[in-house]
Amino acid sequence: MRELTLVFQHTDFYVLNKPAGAPMHANEHESSVVHQLGEQLDEQLWPVHRLDTPTSGALLVARQRSAAAELSQLFAERQITKTYLAIASGRPKKKQGWVIGDMKKVRRGDWCLLPSRNNPARTYFTSTLLCPGYRVYTLHPSTGKTHQLRVALKSLGVPIVGDSRYNGEEHRHLHLHAWQLKFCYQGETIEVTAPLPSHGYFAELSAEV
């Protein structure tokens, strides 16, 4: 079992730097990452939100059921600011701005972005050149739809490196990292940054930040 690393500890919750590939739900190969962390720390834990299996970064995990309910409510009320970093190759349709649209489930569990805005996914992003042919995208989702960020970059013509589901450049790892969480919990301002992974183009980005 892989060793899991905490980046923030509180009496009511932890923030885990989730490794890429660690699942939120148990499968035939391994248990859920929250269960793994609970075994490692020898305490019962409750998930508060989720990250896709291939996504790395800051994952909030409650230490009490009451804290899980309170933190989940903060997510539901969009009181938690989330910042992600992604790396993609190619030239985007635009280098910054909003990506807004309804999301529709299509074949094989994929999603696509629609021009309608009845119940839209909303993502603000900026981008900078990382190296020739590659850009790093700083993503600020204000909603939490399934595959929202992966579909947003796909819609810009630049699917994330390693995102085989959405035709991204082939790589062993998805280059999507939950970088920061900011929120107020019981009067205390919490701001947590999850260190970047060392794989692929993130290694080059780590040298710059």
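Author: A cavity is a set of points, on a 1 Å grid over the protein atoms alone, where a 1.4 Å probe fits but cannot get out. Grid points are joined across faces, edges and corners, and a volume is the space filled by probe spheres set on the points. The model is predicted, so local features need pLDDT of at least 70 and side-chain atom pairs pLDDT 80 or more, while totals for chains, interfaces and linings use all residues. Residues are numbered from 1 along each chain as its sequence is written, and side-chain values use heavy atoms, without hydrogens and water.

The structure holds 1 cavity of 30 Å³ or more, and the volume of the largest cavity is about 40 Å³. Its lining (residues with an atom within 4 Å of a point) consists of His49, Leu51, Ala58, Lys82, Thr83, Tyr84, Ala178, Trp179, Gln180 and Leu181. Two or more of these residues come from each of β5 and β11 (strands are DSSP runs of E, at least two residues; helices of H or I, at least four; both numbered from the N terminus). The largest share, 4 residues, belongs to β11. By type, the cavity lining has 6 nonpolar, 3 polar and 1 charged residue (nonpolar: Ala, Val, Leu, Ile, Met, Phe, Trp, Tyr, Cys and Pro; charged: Asp, Glu, Lys and Arg; polar: the others, Gly among them).

A pocket, by contrast, is an open set with protein on both sides within 12 Å along at least five of seven lines. The largest pocket has a volume of about 560 Å³. It is lined by 25 residues, and those closest to its centre are Lys82, Tyr84, Thr143, Gly144 and Lys145. The pocket lining divides into 8 nonpolar, 11 polar and 6 charged residues.

Buried in α2 are Ala67, Ala68, Leu71, Leu74 and Phe75 (buried is under 20% relative accessible area, exposed over 50%, partly exposed in between, with a 1.4 Å probe and protein chains only). These residues lie on the same side of α2, because they cover an arc of only 125° around the axis (taken from the directions from the helix axis to the C-beta atoms). Arg65, Ser66, Ala69 and Ala76 are exposed on the other side of α2.

Strand β11 (residues 176-185) runs antiparallel to strand β12 (residues 188-193), joined by 6 bridges (strands pair if DSSP finds at least two bridges between them). Cys184 stands opposite Thr189 in β12. The hairpin of β11 and β12 has 2 residues between the strands, and Gln186 is in that loop. Most residues other than glycine have a negative phi. Gln186 has a positive phi, near 50°. With a relative accessible area of 56%, Gln186 is exposed.
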